Amino acid sequence: MKISTLGYSIKQGLKNIQRNLLFSLASVGTMIACLFLFGIFYSIILNMEHEVKDIQSSLKVSVFFDEGASEEQIAQIGTEIMKLENIANMNYISADVAWKGYIEDVYQGDNEYVNSVFGDDNPLANSSSYEISLKDVSRQDVTVKQLEAISGVRKVNSSDGTAKALSALIKLLSYISIGVIAILLLVSLFLISNTITIGISVRKEEIAIMKLIGAKDIFVRAPFLVEGVFIGLIGSLIPLIIMYFVYNAMTGYLAAHFELIANMVQFVTVGEVFKGLAPISILMGVGVGFFGSLLTTHKHLRV
Amino acid sequence: MVQLEHVTMQYPTGKKALDNVSLHINKGDFVFIVGSSGSGKTTLIKLLLKEINPTDGEIVVDGQQYSKLKRKEIPMLRRKIGVVFQNFRLLKDRTVFENVAFAQQVIERPMSEIRRQVPGTLTMVGLAKQYKQYPKELSGGEQQRVALARAIVNQPEIILADEPTGNLDPTNSLEIMRLLEDINKKGTTVVVVTHNKEIVNLMQKRVVTLKKGKIVSDEEKGGYKDED
């Protein structure tokens, strides 16, 4: 397409919006509502995922060795473990460290009492272990099986139930968000298509003349594509601006007025939210505008 | 330039708008296609513009076989044909200049060429001074001249005029015909579909008469044949 034609198409596209202002505003309004709602869902899900990840990162899998395993054998097991794909990091917990931790947890660090009962004995002498963090907790089952299969591994302890519940929650959130996004996209697509259809019917005579004079399809379609893209762009920028202020205000308000929430949740910063939200929203707005127009012009402008 | 070989156009209702029509028009010809309503004149125009496809037969314009044309090739074909409509079909929200320039814009001519070409074309049809006016401010004859200017501004090889004098008084009708004659003298093939008896008889050009979808006469320097 020539530059002069592009200029013409942009001018005509903007004129279409002006001519068809009421319907264009309705489309922009709906797009704003849809993408604002999407923004809210996105922020909630992002914050929840952030929390889930926090919890996930604290979940550990412990690998215990066969009794009497030598240091070389333990080191060999460590090498084998690190070869597995789902391992985020691994720490060696010696029997002494394990016993000290136990004393801290169970006897609140009362060494005097512990000494009086156990003397110099370490009841956890055969309980040195590797403490492992996983990259993806939802794949814990598979990783545990792989760990159990390593020669010299006696036992693998994992918090299976918590991991599964968290994975299920993330999955559920993902399904909900995909569902909501799909519905919102369809609503927006329908509205943009409606607006373009009206624009086409208003310019029916002009389009017919253009076609008979010898205009190429793209020349006839381009102004409507510009119209759709522009509606989509405006419809995505406005909710982003609103979201920016609403998010800051809401997280600030929640942190200031609800101590329980403030203690439990570490809110994702608005910058972090917008790193993903802004490009996705703009892409969705522009994409829906473009494809809405493309489908509509394809349907109505065949001569 | 224009060939119709055994062209039949049958609508889904079963009605044959054109029935086995064969017609040859040479480059530079001026031809009237005459006939009463329902004779197939409008169908013929639509077929030549490839708005519709014949149910049988072949159409060839400037060496291009319509049956072999791809969809994306249709705009290029139409650029060879300038069309004038009975009801002018001007864009009401655009000035005379913009209406004529529109024809060049849609085929993506550069602005410099549009600025050069449009005033010359408007001068040719006698509307140089009215370039700023809107269609509603013009008489019927002037509006048809704008439509004619729009049809010729891209210098097509053929002009198809569908009842160009249908909404005009005799004086304006004659003026439009004279303009078409001038254009024809410069080498453009002109095909005029009309039922204006006086004009046809006055112009003394080739006359092809259609009746119920068939060519019933084709005469050089002919006249309008009254239907029985």
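Two strands count as paired when DSSP finds at least two bridges between them. With that in hand, welcome to the close-ups of this predicted model.

**Figure 1. A hairpin of chain B is built from strands β9(B) and β10(B).** Strand β9 (residues 206–211) and strand β10 (residues 214–219) of chain B pair in the antiparallel sense, and five bridges link them.

**Figure 2. Four strands of chain B make an open, antiparallel sheet.** Reading across the sheet, the order is β2-β1-β4-β5. Strand β1 (residues 2–10) and strand β4 (residues 56–61) of chain B are joined by five bridges in the antiparallel sense. A handy landmark here is B:Gln3, which has B:Val60 as its bridge partner in β4(B). Why is one side of β2 (16–25) and of β5 (64–65) left without a neighbour in the sheet? Both strands stand at the edges with a single partner strand each, so one side of each has no neighbour there.

**Figure 3. Strand β8(B) is mostly covered.** Six of the six residues in β8(B) are buried, and the burial extends to both faces of the strand. B:Thr189, B:Val191 and B:Val193 are on one side, while B:Val190, B:Val192 and B:Thr194 are on the other. Strand β3 (residues 30–34) of chain B runs parallel to β8(B) and is joined to it by five bridges. Strand β7(B) also runs parallel to β8(B), again with five bridges. Follow B:Val192 in this view: in β8(B) it is the bridge partner of B:Phe32, and it is the bridge partner of B:Ala161 as well.

**Figure 4. Helix α6 of chain B spans residues 170–185.** Its 16 residues reach 22 Å from the first C-alpha to the last, close to the 22 Å expected at 1.5 Å a residue. Which residues of α6(B) are buried? They are B:Ser173, B:Ile176, B:Met177, B:Leu179, B:Leu180 and B:Ile183. Seen down the axis of α6(B), these buried residues fall within an arc of 155 degrees, so they line one face of the helix. An α-helix has 3.6 residues a turn, so residues three or four places apart point the same way. On the face turned away from the buried side, you will find the exposed residues B:Pro170, B:Thr171, B:Arg178 and B:Lys185. The buried residues of α6(B) pack against α5 (140–152), β7 (158–162), β8 (189–194) and α7 (197–203) of chain B. After the helix comes B:Gly187, with a positive phi near 110 degrees.

**Figure 5. The largest nonpolar core has 100 residues.** Within this core, B:Val100 and B:Ile159 have the most contacts. Helix α9 (residues 217–257) of chain A contributes the largest share, eleven residues. Another core, of twelve residues, lies apart from the largest one; A:Val61, A:Val63, A:Ile77 and A:Tyr130 are among its members. Now zoom in on B:Ile159, leaving aside its neighbours within four places in sequence. B:Ile159 is in contact with B:Gly82, B:Val84, B:Ala151, B:Ile152, B:Leu180, B:Ile183, B:Thr188 and B:Val190.

**Figure 6. Chain B and chain A touch through contacts between 16 residues of chain B and 15 residues of chain A.** On the chain B side, α2 (74–78) and α3 (96–105) each supply at least two residues. The largest share of that side comes from α2(B), with three residues. How do the residues on this side of chain B divide into nonpolar, polar and charged? Ten are nonpolar, one is polar and five are charged.

**Figure 7. The two chains are shown side by side for orientation.** Chain A has eleven helices and four strands, whereas chain B has seven helices and ten strands. In chain A, 30% of the 303 residues count as buried; in chain B, the buried residues make up 42% of 228. Taking contacts in chain A between residues at least 6 apart in sequence, 87% join residues at least 24 apart. For chain B, residues 24 or more positions apart account for 67% of the contacts with a separation of 6 or more.

How values were computed. Residues numbered from 1 in each chain as written. Chains lettered and ligands numbered in written order. Predicted model: local features only at pLDDT ≥ 70, side-chain atom pairs only at ≥ 80, totals over all residues. Core = buried A, V, L, I, M, F, W, Y, C linked by C-beta atoms within 7 Å. Buried ≥ 20, exposed ≤ 12 C-beta atoms within 10 Å, placed from the backbone. Contact = placed C-beta atoms within 7 Å. Expected span 1.5 Å × (residues − 1). Arc of directions from axis to C-beta. Nonpolar A, V, L, I, M, F, W, Y, C, P; charged D, E, K, R; others polar.
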